[in-house]
Amino acid sequence: MEYTTLVPGIREGKEGEEKHHLSLYEVCQQVVDGRAARGKQYELAALLVLLVLAKLAGMKSLLGASEWIADQGERLREQLHLSWKRMPCANTYKYALARLDSQQVNASLAAWFVRQEAESRCGGEPSRLATQPSERHSQLAIDGKALKGTGKQAYGGDDPQKQVLHVYEVQTGIVLQQCPIAQEHNEVSTLKPMLTEVLCKGRILTTDAAQSYHEFGRLVQGAGGNVVLFVKGNTPATRADLELFFEDEQADR
């Protein structure tokens, strides 16, 4: 499969060496295909690229994405040099996605979108492309969400909902991390392993009251970042300390 619209970019580095930037298709090629040999009628990388394009076109469901791809089939086959006689059905995408490592897919696509955003902002200037995206897009938002249709109770119970924790850049909307919350865990325990220097350095992390405990701020600051928190009644000792602190007119604020 060849690409005309998503060709790899080439630029010269500081020392005049050409460096190769992966296209979206090449990034998707690196994702491990979990399907059996007989289930590989359609190439995985091509399926993922089509789903990304459908998502960028505004499709919000797998069925909607497959219908959009089928509707745009002739154009997509021509532009992306696809040899398929017909476009896949929704079950084909569902079968392929169910056998992927979602964390690998999330990390690969997030890194590619961050790179594309940096290039659109900085052009081909090597010194600026080499800098961390966080130097410009400094605010990250952290939030947990329940997946619709996955259960009746938010937490616990006989039929709990599936919970997912998101970390995304506020300015671009790019999701940098998306991690499922296991039944025996919550947002706090799920987020802790993610608070590394790679994620936090040079950034301000904003979150809701679920993360308003002392260790969260220490972990983020230890990794080179800062935090903005909401402190409510779920942490009464912390709230009481803050109220007492701000009542002191002589406090160093």
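Predicted model: local features only at pLDDT ≥ 70, side-chain atom pairs only at ≥ 80, totals over all residues.
Residues are numbered from 1 along each chain as its sequence is written, and side-chain values use heavy atoms, with hydrogens and water left out.

**Figure 1. Overview of the protein, with 11 helices and seven strands.** Helices (H or I, at least four residues) and strands (E, at least two) are DSSP runs, numbered from the N terminus. Of the 253 residues, 36% are buried; buried means under 20% relative accessible area, exposed over 50%, and partly exposed in between (1.4 Å probe, protein chains only). The protein exposes about 15,600 Å², and carbon and sulfur atoms supply 50% of this area. Accessible areas come from the Shrake-Rupley method with a 1.4 Å probe; for residues, only the protein chains shown count as cover. Among contacts (heavy atoms within 4.5 Å) between residues at least 6 apart in sequence, 47% join residues at least 24 apart.

**Figure 2. The largest nonpolar core, with 29 residues.** A nonpolar core is a set of buried Ala, Val, Leu, Ile, Met, Phe, Trp, Tyr and Cys residues joined through side-chain atoms within 4.5 Å. L24, C28, L50, I69, L82, W84 and M87 have the most contacts inside the largest core. Two or more core residues come from each of helix 1 (24–29), helix 2 (44–56), helix 3 (62–71), helix 4 (73–80), helix 5 (90–97) and helix 6 (102–122). Helix 2 gives the largest share, 10 residues. A second, separate core has 20 residues, among them V167, V188, L205 and Y213.

**Figure 3. An open sheet of five strands in the order 5-4-3-6-7.** The pairing in this sheet is mixed; two strands pair if DSSP finds at least two bridges between them. Strands of a sheet pair through backbone hydrogen bonds, either parallel or antiparallel. Strand 5 (175–181) and strand 7 (226–228) are the edge strands, each pairing on one side only. From one strand to the next, the twist averages 20 degrees; axes are lines fitted to C-alpha atoms, for helices over the stretch in contact, and angles run from 0 to 180 degrees between N-to-C directions. V167 is one of the residues of the second core.

**Figure 4. The hairpin of strand 4 and strand 5.** Strand 4 (residues 163–169) pairs with strand 5 over six bridges in the antiparallel sense. Y168 has V175 of strand 5 as its bridge partner. Five residues lie between the two strands, and G173 in the turn has a positive phi of about 80 degrees.

**Figure 5. H81 in the loop between helix 4 and helix 5.** H81 has a positive phi of about 60 degrees although it is not a glycine. Most residues other than glycine have a negative phi, and most peptide bonds are trans. H81 counts as partly exposed because its relative accessibility is 40%.

Figure 6. V114 lies in helix 6 and counts as buried because its relative accessibility is 11%.

Figure 7. A search of the whole structure finds zero disulfides, a disulfide being a pair of cysteine sulfur atoms within 2.5 Å.
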